[in-house]
Amino acid sequence: MELKDKIKDFRIKNELTQENLAKLLFVSRSSVAKWEQGRSLPSIDILNKMSEMFKVTIDELINEKDIKTMTLKNAVSISKNKSLLRWFILFIILAFIALTIFLIIINDRFNDSSENEIDVEISSYVKITESDNIFTFIDKEKNKVDYTKEFLSKVQVLNRKGNETTYQDLLSGYYLKLIYNNSIVMENLKRIEIIEDYISDYKLYGFFISNNSEVLDKIPVYAPNFDFNDKVPDIQIFDNFSVSQSFKYPYMLYKSGFFASSYDIIKILDSNYIYDDYGTESLTYNIQVKIDANKLSKIKIFAVDNTEEGFHLFKEMSTIGGKITLKGMTFNEQRKDLQNYEMSYSHEIIYNINISYISVLQEIVLYQYDKNNTLISEATFTSYLDYSYKGYKRKEETIYVIVKEVYNNKDKTTIIGIGSNISVVFLNGFGYANNSTITI
């Protein structure tokens, strides 16, 4: 990965915008943008600051290609300096003359009529504390300003996606960016950008799936980094083998950047982050869950949230399978408590759950043969757990193995060379299929 990609990756992982990173490094936002676009390289001093900020070493930030590029640029710079030194004094004189002329022109323009005035945008970050008859905005220094509906009806308003809306969509609790012309006075307000518009306390964490009629009184998954109080059961012990309830229920949870999932039976096909200038806007997961076609039953999708119960039934499906979309909002509680009006604290989270029914193995039989084509060993396994417990030992004289896969309505036989891996789909004890790898 190149330096430009690493800078962007570390910035996003630390939940920083380009503008935030620029302020921390005392550079312009355009400098950060050029680094991430590969149009320029940061100095050694800036790289040292980045390594301390992101808690990584310089070697993790730059590779050999980056070092060569920086070295080449330094060599070119030294060569140019020799030539530029001859013209330095002349340049200073010309620059002084140009600056004088520029200041005269700027002064003349400011003295012209308002039609020729140069507009400079100035920003202010506020929170709405009242949105009834009068809109009251307050900034981080607790300065308040009131606006009438009539006044705001003439001001451009943009929502979090950058689409135009109206003042009527502004509610108490929203974070705003106010853009003024030239100075922060009421009559110069020309645009309002919504930074944060989620004022509910409801949070969606994720989901779990059940394919039985069990009545649930707590969340049947084990995720130690999630604080659900008494809603999450402890790890259970079966036959001296430590497993969690996650083997029984496909689930996926997300909270403040931490993920938990029953990866044995859930496959994440892909994920998609969407960012805006103020943080994460949305996070989408496309997920696949496979169920044994020979054990058809109704399944229930439960949403895991921060309600008193901790979860609720979202959808009940028939045995034909299909796609379920579960969406909601989640937010970073620490960021919300900071009351930093310049950053959003919430984002949408979407789970696209694809449920399909497939044929899974009833059993798998491994026949070992020697160089004389004589059968010297036979082993049968009915599950991956069975395979793990019994263990598979290849005999020293084995030359090849015949693998017999037994399904409900057909058998499949394959000749495999020793040392090869085969991928099989076993059924766990709760009716869900998961891919397993067996080494011959």
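Predicted model: local features only at pLDDT ≥ 70, side-chain atom pairs only at ≥ 80, totals over all residues.

Student: What makes Tyr 175 and Tyr 345 an edge-to-face pair?

Tutor: Their ring centres are 5.6 Å apart, and pairing asks for within 6.5 Å. Tyr 175 sits in strand S6 and Tyr 345 in the loop between helix H9 and strand S18, so the pair ties together parts 170 residues apart in sequence.

Student: Why is the pair of Phe 207 and Tyr 351 called edge-to-face?

Tutor: Because the planes are at 70°, with the centres 5.4 Å apart. Phe 207 is in strand S8 and Tyr 351 in strand S18, 144 residues apart. Both residues are buried, meaning under 20% relative accessible area.

Student: How do you know that Lys 203 sits over the ring of Phe 331?

Tutor: Its charged end is 4.6 Å from the ring centre, and the distance cut-off is within 6 Å. Lys 336 also lies over the face of Phe 331, at 4.6 Å from the ring centre.

Student: Why is Lys 55 called exposed?

Tutor: Because its relative accessible area is 73%, and exposed means over 50%. Lys 55 is found in the loop between helix H4 and helix H5.

Student: And what stands out about the phi of Lys 55?

Tutor: Lys 55 has a positive phi of about 60° without being a glycine. Most residues other than glycine have a negative phi.

Note on methods: Residues numbered from 1 in each chain as written. Heavy atoms only, no water. Helix = DSSP H or I, 4+ residues; strand = E, 2+ residues; numbered from the N terminus. Buried < 20%, exposed > 50% of the residue type's maximum accessible area, 1.4 Å probe, protein only. Phe/Tyr/Trp six-rings, centres within 6.5 Å; stacked < 30°, edge-to-face > 60°. Lys NZ or Arg CZ within 6 Å of the ring centre and 35° of its normal.
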